[in-house]
Amino acid sequence: MKDYAVDKIRNIALVGHGSSGKTSVAAALLFDTGATSRLTKVDKGNTVTDYDPDEIERKISISSAVCFCEWKDHKVNIVDTPGYSNFLWDTKASLRAVDAAAVFVCGVAGVEVGTEKVWEMLEEHGLPRLIVINKLDRENANFGRALEAVRQFFGRQAIPVQLPVGEDKNFSGVIDLIEKKACLFEKDESGKMSEGAVPAAMVEEVDRRNKELVEMVAESDEKLMEKYLEQGELSPEEFRSGLKRAILGHQLFPVFAASGLTNIGIQPLLDGMIAFLPSPVERDGVKASVKGQDQAVQPSPDGPFSALVFKTISDPYTGRITLMRIFSGRMNPDGTVTNSSRDTDEKFVGLFFLQGKEQISAGQAKAGDIAATAKLKVTSTGDSLCAKGAAIAFPPINFPEPSISFAIEPKTRADEDRISQATHRITEEDPTVRIERDPDTAQLLISGNGELHVRIITERLKKRFNVDVDLKPPKISYKETIKGRADVQGRHKKQTGGRGQFGDVWIKMEPLARGKDFEFEDKVFGGAIPRNFIPSVEKGILEARKKGVLAGYPAVDFKVILYDGSYHDVDSSDIAFKIAATKAYKKAMKEAKPTILEPVMNVEIYTPEAYMGDIMGNLNGRRGKVQGMEQKGTMRVLKAQVPMSEMLDFEPTLTSITGGRGSFLMEFSHYEEAPSHIQQKIIAEAVKEGRVKSEEED
Ligand SMILES: Nc1nc2c(ncn2[C@@H]2O[C@H](COP(=O)(O)OP(=O)(O)OP(=O)(O)O)[C@@H](O)[C@H]2O)c(=O)[nH]1
Ligand SMILES: [Mg+2]
């Protein structure tokens, strides 16, 4: 491959709600630039970026994938990210590798909950972006309506630089509002483009939109504004550089029109990416710690090597593949670098660029590029690598805690044996998965970001690692607490020949505010308990509180005051006081009106207005509390809090109520006391599972 100067590189993430057509546009970009010899399709399962068997089977992106195309003397690295909420953590991590993003909006559905989620991520990462109103060939596609939704949500800085020619099955090309020309495409998906004059019927609108665009660019800069007011126009150079500056400064978000599936509008989109999105050089240096000092790393190929690992692929055949964004210096196929996050050395053997899963070996990769290597020993996602002695570390990548757990049961003994190795490989690739044994029930639990996520991981266990497991119904992480107070004695006395055991404590127990977890106070006066045994009392309670007295869930939000007790000169010991404390804890818990807390989720639902009534009714049946409602054009954004246990099957329900047009996201909010009939069910379940005995006695 050609050696590209840093300013000829673009690193762009394709982001958007699930199914907005990102992978299909990536496929069209690759085909139109000659990187693939045919136009691949998600529905045929042959795209470059949805190469994983799970992705092919489900026809969705599960994990982000990197590919690149070479176009007009530029190298454009594309990161095709997943849009489904369960996998957005990966999308977020991928944003660390790019300098800009293309936000995809479906021409039929308009702005969806995932659109806004990715927008928030882009804001957080401070990335410039363009917007693609896509799938314009679809039945009922409507550029104007989708644009209106975009502007409702993201403001009038979202400004079209294109208009579609025709819509629905007549979608045949785009009007370039900057050059005021038409780009028309062959109907055969070849992407063959011919340029021509704006159709007569559109001239008036094109002039108006062009003027709007020029005004917006002028408004974004004082000097341009002066010039514009004086002369009534901007020169083409002034306009283009002004537009680019406004895009880099997040003052404007240019809107494009396309259909990836039918390969319409793709080349103008790529031209727009190159012209208006920043090269690595045009971005402010990247924040890092250099030799312990906060510093911005500049993308100079001549500086010391530094890179951030934003993704790890764990391939059962080729082993571990590490994807990195190089921020400075150069990288060769072999050599030793430092993993500055772990303070150890790593040896490189092999260097390549990725075209989906295909590895294209590279002689060198340098600042501003995205490259990969295989078989690193200790490096994992989020780590920084740098030249020995350079001590450059980028901020780590934060991954969300899993929000849902299921019990899994290995089908045979052999499956059980294979699990631990598979677990390691799976979590290396996907740091948001946990596979752990529940210490109380000895059940194996698999936790992830949603039911789909957990199901896919379970299938992966089978397909990649030959581990066959049954997935049990999901488990909710309940907690227990108290509503009242207690004042009790815990006494442990044992005399079995020889030396006996003696510990005796008096404690008070009282509730704490929600979220305060646990406090221990020592108020023992006059040596009723020798000082050296007091930590044993606290330890005893800390251990005991891992199990509440109702259903065996961890006890939280209470305080224990140790205020009296007695001891024996010979028989008292750490262990005896620990046991006495455990007894006191159980007694006090039972006396202090124990109760069960359940996790409550913040739920955000996007729906066309017509389905609001049905959705509200449905949420009512799920013990949901509506927190607020917003109107954005014809869409409604509904915010509610709903107990997690009620939300497990919400996704199919919402799809059926809204005919697929509604979307939702949820995340953990807080713990709240469960109503008593629900508590009865939780306790009965705990008894059945053996977490607690029905009448547990000491
Ligand atoms: N009519 C039409 N269908 C499209 C277009 N682009 C994608 N599709 C279809 O929409 C579905 C989803 O397309 P993808 O390209 O996988 O969408 P995505 O945004 O990558 O989806 P995720 O990665 O799963 O979030 C597939 O069935 C595509 O065939 C388009 O331009 N027009
Ligand atoms: Mg995709």
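I started with a side-chain pair: aspartate 207 and lysine 180 meet in a salt bridge at 2.9 Å, N to O. For the term I use a side-chain nitrogen of Lys or Arg within 4 Å of a carboxyl oxygen of Asp or Glu. The pair links distant parts of the chain, 27 residues apart: aspartate 207 sits in helix H6, and lysine 180 in the loop between strand E8 (173–176) and strand E9 (181–185). Helices (H or I, at least four residues) and strands (E, at least two) are DSSP runs, numbered from the N terminus.

Housekeeping: this is a predicted model, where local features need pLDDT of at least 70 and side-chain atom pairs count only at pLDDT 80 or more, while totals for chains, interfaces and linings use all residues. Residues are numbered from 1 along each chain as its sequence is written, chains are lettered from A and ligands numbered from 1 in the order in which they are written, and side-chain values use heavy atoms, leaving out hydrogens and water.

I checked exposure next (buried is under 20% relative accessible area, exposed over 50%, partly exposed in between; 1.4 Å probe, protein chains only). Aspartate 207 is partly exposed at 36%, and lysine 180 is partly exposed at 38%. Arginine 129 and glutamate 123 also meet in a salt bridge, at 2.8 Å, N to O. Here arginine 129 is buried at 0%, whereas glutamate 123 is partly exposed at 45%. I noted a network too, linking Asp52, Asp54, Glu57, Glu429, Arg460, Lys463 and Arg464. The structure holds 52 salt bridges.

**Seven-stranded sheet**

I traced an open, mixed sheet of 7 strands in the order E2-E3-E1-E4-E5-E11-E6; two strands pair if DSSP finds at least two bridges between them. Strand E2 (65–71) and strand E6 (158–160) are the edges, each pairing on one side only. The twist averages 30° from one strand to the next. Angles run from 0 to 180 degrees between N-to-C directions, with axes fitted to C-alpha atoms, for helices over the stretch in contact. E6 runs parallel to strand E11 (residues 253–257), joined by 3 bridges, and isoleucine 159 has proline 254 as its bridge partner in E11. Helix H5 (residues 143–154) packs on this sheet, touching E4, E5, E6 and E11, at about 155° to E6; contact means heavy atoms within 4.5 Å.

**Four-stranded sheet**

I then followed a second open, mixed sheet, with 4 strands in the order E30-E31-E33-E32. Strand E30 (486–494) and strand E32 (518–522) each have a single partner strand, so one side of each lacks a neighbour in the sheet. Strand E31 (residues 501–511) and strand E33 (residues 558–566) pair antiparallel over 8 bridges; isoleucine 507 is partnered by leucine 562 in E33. Helix H12 (residues 534–544) packs on the sheet, touching E31, E32 and E33, at about 160° to E32.

**Magnesium**

What are the protein donors of the magnesium ion (ligand 2)? I found Thr23 (OG1) and Ser61 (OG), lying 2.0 Å from the ion. Donors are N, O and S atoms within 2.8 Å of the metal (3.2 Å for Na, K and Ca), and water is not among the atoms, so sites may look incomplete. Threonine 23 and serine 61 are buried.
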